[in-house]
Amino acid sequence: MGAAVAIVSAWTYAATAQTDDMVARGEYLARAANCVACHSLPGGPAFAGGLKMATPIGAIYATNITPDPETGIGGYTLEDFDRAVRLGVAKQGHNLYPAMPYPSYAKMTAEDIEAMYAYFMKEVPPVKLANKPSEIPSPLNMRWPLAIWNFLFVDFDPYEKKPDQSDEWNRGAYLVQGAGHCGACHTPRGLAWNEQALDESEDVYLSGAMLDYWSAANLRQDKNAGLSRWSQDDVIEYMKKGHNQFGIAYGTMVEVINNSTQYLTDADLSAMATYLRSLPPARGETGPVYAYNEATTDDLRARNFDQPGSLLYVQYCKSCHVDDGRGYGVYLPPLAGNTTVLDPDPSSIINVTLNGSARLVVQGMPDSYRMPPFRVLLNDQQIADLVNFIRTGWGNAAPTVTPAQVAEIRLHTVPSSDRIEVLKMK
């Protein structure tokens, strides 16, 4: 009798341990997928939805994905959950809008989806909070055309390992293409708002894209605006800490660092870096690789303000970014050779100058400094002059910015919040 009890107890313990391991893996994958950033409101309960998201046809609201049986996903079976996450079809049968990055999550394995399901059902507290209807007007709010969109633009096959690549490369590709859904922001969109590529088979993949008046960076090996000059450690440091010797996270990338990539293991960050650094250049940039030039530094130190924007730089930027444009280490970032400054699309440098950026919070510690907004202090012409000075100084060579471009971004954006907004998963 005692032996039978011991065997049953051992089985129970093993089953519980296995379940705990699956839940922990599901939580890790939910971090990798950054589910909390879209399905939560700052200061609100985790995963209860309500975040307003702009689309080309009208605003939608992220849904409640807590296990509440009435307003959340408490009534979802594993099959229902899998169908929603990887196929973009809700339990009720309607197609989800592709603001939900199911074209990326389709790459995930059934085992990883099961682990995420275990986490949401067993670990996330249920929250009774009704979902908000979309603000998309009729007839554009009809869902059936999404089935055609899916047929044309989505590959629903899970990721398959490339036999000619290393295990680390394949792990990185799986995370970048799948849970990380990096292409959702960093790949250009087509006329139907589809990602123009879903993997490295096409050069446009991860080549940079406009997102909410930010230019999501080129993650390929383009020599100046891409990652060609970044080492493996540079890529890892950026994903883990939000900054490196070339720049600092801003805009929506702050949410990714604060809520997702800093929690990934060093092995997974290294795998992602290996994959990203394998992607060949996409844009065929002309001209030489960036090289530092002392002329701008010499002029500023001599107080030669002949170039438009130079005096503004001394008044508003020098205290953090210094005469030599190299900043102070990785915390007050360099402008000389900065990949964002060199981006052919000036949206990010204009936006961050106008609106500043939210604070990075790594390991619970907020950055001591943040980029402040200058939209009240400086007019469109002054912002354009300042940005042009930066984009042509210290050896930088990037296209000219016009006051009209500044005015457009000013009209459609607001200053970044100075609140520390790290979303809790529990």
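Let me start with a term: helices are DSSP runs of H or I with at least four residues, strands are runs of E with at least two, and both are numbered from the N terminus. With that in hand, M142 sits in the loop between α5 (110–122) and α6 (145–153). We'll come back to that loop.

A word on what we are looking at. This is a predicted model, where local features need pLDDT of at least 70, side-chain atom pairs count only at pLDDT 80 or more, and totals for chains, interfaces and linings use all residues. Residues are numbered from 1 along each chain as its sequence is written, and side-chain values use heavy atoms, with hydrogens and water left out.

Now the overall picture. The protein chain has 17 helices and eight strands. Its radius of gyration is 23 Å, close to the 22 Å that the globule rule gives for 426 residues, so the chain is as compact as a globular protein of that length. That radius is taken over C-alpha atoms, and the rule is 2.2 Å times the number of residues to the power 0.38. Of the 426 residues, 50% count as buried; buried means under 20% relative accessible area, exposed over 50%, and partly exposed in between, with a 1.4 Å probe and protein chains only.

Let's go inside. Which residues have the most contacts inside the largest nonpolar core? They are F47, F120 and L276, in a core of 59 residues. By nonpolar core I mean a set of buried Ala, Val, Leu, Ile, Met, Phe, Trp, Tyr and Cys residues joined through side-chain atoms within 4.5 Å. The largest share of this core, seven residues, comes from α5. A second, separate core of 27 residues includes I350, F374, L386 and V387.

W394 is in the loop between α16 (380–392) and α17 (403–412), and is buried at 0% relative accessible area. For context, most residues other than glycine have a negative phi, and most peptide bonds are trans.

That brings us back to the loop between α5 and α6, where P139 is found. A cis peptide bond joins S138 and P139, with omega about 5 degrees. As for M142, is it buried or partly exposed? At 40% relative accessibility, M142 counts as partly exposed.

Finally, the charges. The structure holds 14 salt bridges, each a side-chain nitrogen of Lys or Arg within 4 Å of a carboxyl oxygen of Asp or Glu. In one of them, D112 pairs with R25, the closest N and O atoms being 2.4 Å apart. D112 lies in helix α5 and R25 in helix α1, so the pair ties together parts that are 87 residues apart in sequence. D112 counts as buried at 7% relative accessibility, while R25 is partly exposed at 34%.

Elsewhere, D323 meets R303 in a salt bridge at 3.9 Å, N to O. K318 also forms a salt bridge with D323, with the closest N and O atoms 3.7 Å apart.
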